[in-house]
Amino acid sequence: MREILPDICAKARDSQHITMQQLIEETGMPEGTVKSFFAMTGKKPNVYNAGLICSVLGVSLDEYFGIEPVITTEDECQRPIKASEAAS
């Protein structure tokens, strides 16, 4: 079963020794909003609140939701050519 976002964030918070108060101050969110995100009480968190919390904790929403980066033609042109590709 896939781990839920509040649990991932709780592990990140614990591993970085960030207190709930520090997280509240860093995000600028109300205490109740942050605490309900972790307790999973009340409404489902909106992406903006989850994004703020994840940003402070270094948790990637893109990774969580499986969003792959879009590679543009410009990105491809700026990518260094590997020796194995040059030989082809």
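**Model and confidence.** I am working from a predicted model. I noted an average pLDDT of 88 for the chain, with 92% of the residues scoring at least 70. I then went through the elements: helix 2 (residues 20–27) has the highest mean pLDDT, 97. The lowest mean, 60, belongs to helix 7 (residues 83–86). Where pLDDT is low, predicted coordinates should not be read in detail. I leave the details of helix 7 aside.

**Salt bridges.** I searched the whole structure and got two salt bridges.

I took the pair with Lys35 first. Its partner is Glu31, and the N to O distance is 2.7 Å. Both residues lie in helix 3, and they are four residues apart, about one turn of the helix. I checked the accessibility of Glu31 as well: the relative accessible area is 42%, which means Glu31 is partly exposed.

The other entry joins Lys11 to Glu3, with 2.5 Å between the closest N and O atoms. Lys11 has 52% relative accessibility and therefore counts as exposed, the cut-off being over 50%. Glu3 has a relative accessible area of 33%, so I list Glu3 as partly exposed.

**Nonpolar core.** I next asked which residues have the most contacts inside the largest nonpolar core. They are Leu5, Cys9, Phe38, Ile53 and Leu57, in a core of 17 residues. The elements giving two or more residues to this core are helix 1 (5–15), helix 2, helix 3 (31–39), helix 4 (47–57) and helix 5 (61–65). Helix 4 supplies the largest share of the core, four residues.

**Asp75.** I located Asp75 in helix 6 (residues 73–78). Its relative accessibility is 37%, so Asp75 counts as partly exposed. I also looked up the separation between Asp75 and Pro30: their C-alpha atoms are 40 Å apart, and the two residues are 45 residues apart along the chain.

Conventions. Residues are numbered from 1 along each chain as its sequence is written. This is a predicted model: local features need pLDDT of at least 70, side-chain atom pairs count only at pLDDT 80 or more; totals for chains, interfaces and linings use all residues. Side-chain values use heavy atoms; hydrogens and water are left out. pLDDT is the predictor's confidence in each residue, from 0 to 100. A nonpolar core is a set of buried Ala, Val, Leu, Ile, Met, Phe, Trp, Tyr and Cys residues joined through side-chain atoms within 4.5 Å. Buried means under 20% relative accessible area, exposed over 50%, partly exposed in between (1.4 Å probe, protein chains only). A salt bridge is a side-chain nitrogen of Lys or Arg within 4 Å of a carboxyl oxygen of Asp or Glu.
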